[in-house]
Every structure is written in structure tokens, then in C-alpha cells.
Amino acid sequence: KRVMHLYDRATRKFKQNIALWKEYLEYLVNCKSYQKLNRMLSKAVQTHPTVLDFWLIGVYTELDIKGNLFSGRKLMLQAIRNNTQNPSFYLEYFQFEVRFFEKVK
């Protein structure tokens, strides 16, 4: 809890430090603190809506860890709607759909 509190304070103070956000999200996945991960992912996406990595962490958390295929797809489509001009989002969506198909199959 102490480490999470320190990360919370650091991400509030240094909102623009994307590496710090990624490190914190990775720590939450390693600790299997999924409720806190969901809250921090939503804050990360609100703060940095154009950063693809935050969206992908959320999508693959839903897909692989929680096993919720359709929620992951919904999140990926939301990422595309928010970033229509960025072609890398479309490429990642295609890769996600291939993985989604393999899971359904």
C-alpha cells in the first residue's frame, strides 16, 4: 500500500511523465491489484488520450487477465473513436481482432 501511495502522489505531481505512468501500471499488474489498475488506467487515459500504450494495457487486461472479450473490444473501439487521425490505432485494432478471433475460436 505504501508503494501504491507513493506512485499515486508521483503521478499526481508529474502528470506528463508517461514512463512513470507505465511503470505504475506494470507494478499494479504484477501485484494483481486489478481494481486499482482500472482506476489508474482511466486516469491515465483521461490525462493522455492519445497515448496508445495506455489504451492497449486496458484492452489486453480485459482480454487476457479478466477474460472479458467484448469489453476489450468495446474499449478498443472507444480508443479509435477518440483518435481517428492516428493510423497506429487502426493497426493495433486489426491485431486485436485477430487475437479476439483466436480466443473465440
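**Figure 1. Overview of the predicted protein chain.** Of the contacts in the protein chain with a separation of 6 or more, 50% are accounted for by residues 24 or more positions apart, where contact means heavy atoms within 4.5 Å. This is a predicted model, in which local features need pLDDT of at least 70 and side-chain atom pairs count only at pLDDT 80 or more, while totals for chains, interfaces and linings use all residues. Residues are numbered from 1 along each chain as its sequence is written, and side-chain values use heavy atoms, with hydrogens and water left out. The secondary structure comes to 6 helices and 0 strands, where helices (H or I, at least four residues) and strands (E, at least two) are DSSP runs numbered from the N terminus. The radius of gyration of the protein chain, taken over C-alpha atoms, is 14 Å, close to the 13 Å that the globule rule (2.2 Å times the number of residues to the power 0.38) gives for 105 residues, so the chain is as compact as a globular protein of that length. Of these 105 residues, 37% count as buried, that is, under 20% relative accessible area with a 1.4 Å probe and protein chains only, whereas exposed means over 50% and partly exposed lies in between.

**Figure 2. The packing of helix 3 against helix 4.** The axes of helix 3 (residues 34–47) and helix 4 (residues 52–65) come within 9 Å and cross at roughly 150 degrees, the axes being lines fitted to C-alpha atoms over the stretch in contact and the angles running from 0 to 180 degrees between N-to-C directions. Helix 3 is therefore roughly antiparallel to helix 4, a term that applies to angles over 145 degrees. Helix 3 contributes Tyr34, Leu37, Asn38, Leu41, Ala44 and Val45 to the contact, and helix 4 contributes Phe54, Trp55, Ile57, Gly58, Thr61, Glu62 and Ile65.

**Figure 3. Lys32 in the loop between helix 2 and helix 3.** Although Lys32 is not a glycine, this residue has a positive phi of about 60 degrees. Most residues other than glycine have a negative phi. Lys32 is exposed, with a relative accessible area of 60%.

**Figure 4. Gln16 and Ile18.** Gln16 lies in the loop between helix 1 (2–13) and helix 2 and counts as exposed at 62% relative accessibility. Gln16 and Thr47 are 31 residues apart in sequence, and their C-alpha atoms are 8.1 Å apart in space. Ile18, in helix 2, counts as partly exposed at 28% relative accessibility. Leaving aside residues up to four places away in sequence, Ile18 touches His48, Val51 and Phe54.

Terms used
Parallel < 35°, antiparallel > 145°, perpendicular 65-115°, else oblique.
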